[in-house]
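The structure is shown here for reference.

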Amino acid sequence: MTNYTVTKNNKTLAIVLIVIGVLSIAYGFATNGVRAWASLLLGNFYLMAIALASLFFVAFQYVANVGWSAVIKRIPMAISQYIPIAGVFMLLIFIFGHHTLYSWTHPENYDVNSDHFDHILAGKTGYLNMPFFIIRMVLYFVIWGGFAYLLRRESMMEDIEGGVTRWKRNFRYSAIFLVLFAVTSSTSAWDFIMSIEAHWFSTLFGWYVFAGLFVSGLTVLTLLIIYLKKQGYLPEVNENHIHNLGLFMFAFSIFWTYLWFSQFMLIWYANLPEEVTYFMIRQDHYRVLFISNFVINFVCPFLVMLTRDAKRKMKVLVVTGILMLIGHWIDTYLMIMPGTVGHDWTIGITEIGTTCFFVGVFLWVTFANLAKAPLIARNHPMIEESLHHHI
């Protein structure tokens, strides 16, 4: 049960991605500031969601008294340490880019004597106002980052002390976190994403965003575990653990599809003007991405991962996982860009390069935290069950 050693290749990859990202961000602001701010929000939200999904995975495993995952818990714990970094980025993006990204922050929308007065936004000022928004944002990351720190700290102390005291404490922390997550995952989705188009709302939106972030988080977790195994680490992880991860990826891709269809079908069938405008711009001006979103995130994993054998083959999971990560990046793109850049959209240096920046920071933080503790918890009370896991 060894620690991970951060290699020169790990550091080089992270630095190269960060440098590419910085240059792309500079290029973006030099050519189109709106695209640059939207790309910053896209990249940071996408990687934040992956880290948050990893924290949710850990907490759920504790509360459900799951034994099979004991040998892999340290991996999502390391990933979740990116949350505070994402919080700093999100705060900076909102402080300096709110006027570009969020129309509800424009003062003229609330001036009854202005031609730009918006009675819909004026009716939402109790929730959508700058002080309350910033308070909520800070609270989200304090809660998420705090529990990410506590769960990892208790797990590391468990290595030293043994027994079940630390495990029970993590059980309680996880139960509290899941209650708070049930609320904050939805309200943060409303704040960061849905309020971009503040006239529109969907009662399914919080669940929809959760499904997408959890699929992405599970996919990154699976790919990282496969990578570590290829590097000679995690010999305790066998094809049965890999199968469980593949099963999660498959199941939640179906769950995401169910919510995608439910949200779209109900709005399309009701045909209410205040709701259908959200999908009209995506169907009329983002048609290729709109269709690709469904094909990549549902059709591909459904056809490829339907069988038991497919979920146990690392090469299949790697290829499918990369496709799913691209697909959910497109899904996030479709949630952000129509309300910011509108019809004048493209996927180019700014969007891809900016995401590379956040990927680079994410990898740097994740690998650094993997190296700070043994990859497998030594004294986890269910470690033997996990070592002999078989399905």
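The model is predicted.

Helix H2 (residues 33-63) packs against helix H12 (residues 314-336) at an angle of about 135°, and their axes are 10 Å apart. Because of that angle, H2 counts as oblique to H12. The crossing of the two helices is right-handed. On the H2 side, the contact is made by Ala38, Leu41, Leu42, Phe45 and Tyr46, and on the H12 side by Leu325, His328, Trp329, Thr332, Tyr333 and Ile336. By class, these residues are nine nonpolar and two polar, with no charged ones.

Rolling a probe the size of a water molecule over the atoms shows where empty space is left. The largest pocket has a volume of about 770 Å³. It is lined by 24 residues, and those closest to its centre are Val220, Leu223, Leu325, Val359 and Leu363. Helix H1 (8-31), H2, helix H8 (205-230), H12 and helix H13 (349-370) each give two or more residues to this lining. The largest share, eight residues, comes from H13. The lining of the largest pocket divides into 21 nonpolar and three polar residues, with no charged ones.

The second largest pocket has a volume of about 200 Å³. Of its 14 lining residues, Ser103, Ile196, Glu197, Ala198 and Gly339 are the closest to the centre. Helix H4 (residues 83-101) gives the most to this lining, with three residues. By class, the lining of the second largest pocket has five nonpolar, seven polar and two charged residues.

The cavities come next. Five of them have 30 Å³ or more. The largest cavity has a volume of about 100 Å³. Its lining consists of Tyr208, Trp260, Gln263, Tyr278, Phe279, Arg282, Phe290, Asn293, Asp331, Leu334 and Met335. Two or more of these residues come from each of helix H9 (239-270), helix H10 (273-285), helix H11 (287-304) and H12. Seven residues of this lining are nonpolar, two are polar and two are charged.

The second largest cavity holds about 80 Å³ of space. Phe45, Tyr46, Ala49, Val209, Gly212, Leu213, Ser216, His328, Asp331, Thr332 and Met335 line this cavity. H2, H8 and H12 each supply at least two residues of the lining. By class, the lining of the second largest cavity has six nonpolar, four polar and one charged residues. Phe45, Tyr46, His328 and Thr332 belong both to this lining and to the contact of H2 with H12.

Technical notes
Residues numbered from 1 in each chain as written. Predicted model: local features only at pLDDT ≥ 70, side-chain atom pairs only at ≥ 80, totals over all residues. Heavy atoms only, no water. Axes fitted to C-alpha atoms, helices over the stretch in contact; angles between N-to-C directions. Helix = DSSP H or I, 4+ residues; strand = E, 2+ residues; numbered from the N terminus. Parallel < 35°, antiparallel > 145°, perpendicular 65-115°, else oblique. Left-handed = near helix turned anticlockwise from the far one by under 90°. Contact = heavy atoms within 4.5 Å. Nonpolar A, V, L, I, M, F, W, Y, C, P; charged D, E, K, R; others polar. 1 Å grid on protein atoms, 1.4 Å probe; cavity = no way out; pocket = protein on both sides within 12 Å on 5 of 7 lines; lining within 4 Å. Points joined across faces, edges and corners; volume = space filled by probe spheres on them.
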